[in-house]
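Subject: Structure handover and findings

Hello,

Please find the structure below. My notes on what turned up in it follow.

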Amino acid sequence: MKSFLWLLVGVGIGFVVAHKVNETSKGREFFSSLDQKARDFGDAVSDGYRQREAEIRSAIDGD
């Protein structure tokens, strides 16, 4: 239970720090860049999944 409490404290502190950093122009720029990179990564994973799914469906239908 003690570890969970420390986890919650850490998450709370992280949110407060992120909020304060986001109030600066460089902070907004940083988070905007981070958001774009996360979206690009998610899109790449999604595209790879769809490609692999199409390959598997093609292999199953080809038999």
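D35 and R39 both sit in helix α2, four residues apart, which is about one turn of the helix. This is a predicted model, and every value here is computed from it. The two side chains form a salt bridge, with 3.0 Å between the closest N and O atoms. D35 has a relative accessible area of 38%, so it is partly exposed, falling between the 20% limit for buried and the 50% limit for exposed.

In total, four salt bridges are counted. Side chains of opposite charge can pair when their charged atoms come close. Besides the pair above, two others are described here:

- E55 and R52: the closest N and O atoms of this salt bridge are 3.0 Å apart. Both residues lie in helix α2, three residues apart, again about one turn of the helix. E55 is partly exposed at 45% relative accessibility, and R52 is partly exposed at 48%.
- R57 and E53: their side chains meet in a salt bridge of 3.2 Å, N to O. Both belong to helix α2 and are four residues apart, about one turn of the helix. R57 has a relative accessible area of 51% and is therefore exposed, as the cut-off for exposed is over 50%. E53, at 30% relative accessibility, counts as partly exposed.

Next, the helix packing. How are α1 and α2 arranged where they pack? The angle is about 115°, and the axes are 6 Å apart. That makes α1 roughly perpendicular to α2, because angles of 65 to 115 degrees fall in that class. On the α1 side the contact is made by A18, V21 and N22, and on the α2 side by G27, R28 and F31. Sorted by class, the contact has three nonpolar residues, two polar and one charged.

The loop between the two helices is the last item. α1 covers 2-22 and α2 covers 25-62, with E23 in the loop between them. Is E23 buried, exposed or partly exposed? At 46% relative accessibility, E23 is partly exposed. The side chain of E23 makes a polar contact of 3.2 Å with the side chain of H19. E23 and K37 are 14 residues apart in sequence, and their C-alpha atoms are 20 Å apart in space.

Regards

Technical notes
Residues are numbered from 1 along each chain as its sequence is written. This is a predicted model: local features need pLDDT of at least 70, side-chain atom pairs count only at pLDDT 80 or more; totals for chains, interfaces and linings use all residues. Side-chain values use heavy atoms; hydrogens and water are left out. Buried means under 20% relative accessible area, exposed over 50%, partly exposed in between (1.4 Å probe, protein chains only). A polar contact is a pair of N or O atoms within 3.5 Å; within protein, one must be able to donate a hydrogen and the other to accept it, and residues adjacent in sequence count only if both atoms are side-chain atoms. Axes are lines fitted to C-alpha atoms, for helices over the stretch in contact, and angles run from 0 to 180 degrees between N-to-C directions. Angles under 35 degrees count as roughly parallel, over 145 as roughly antiparallel, 65 to 115 as roughly perpendicular and the rest as oblique. Contact means heavy atoms within 4.5 Å. Ala, Val, Leu, Ile, Met, Phe, Trp, Tyr, Cys and Pro count as nonpolar, Asp, Glu, Lys and Arg as charged, and the others, Gly among them, as polar.
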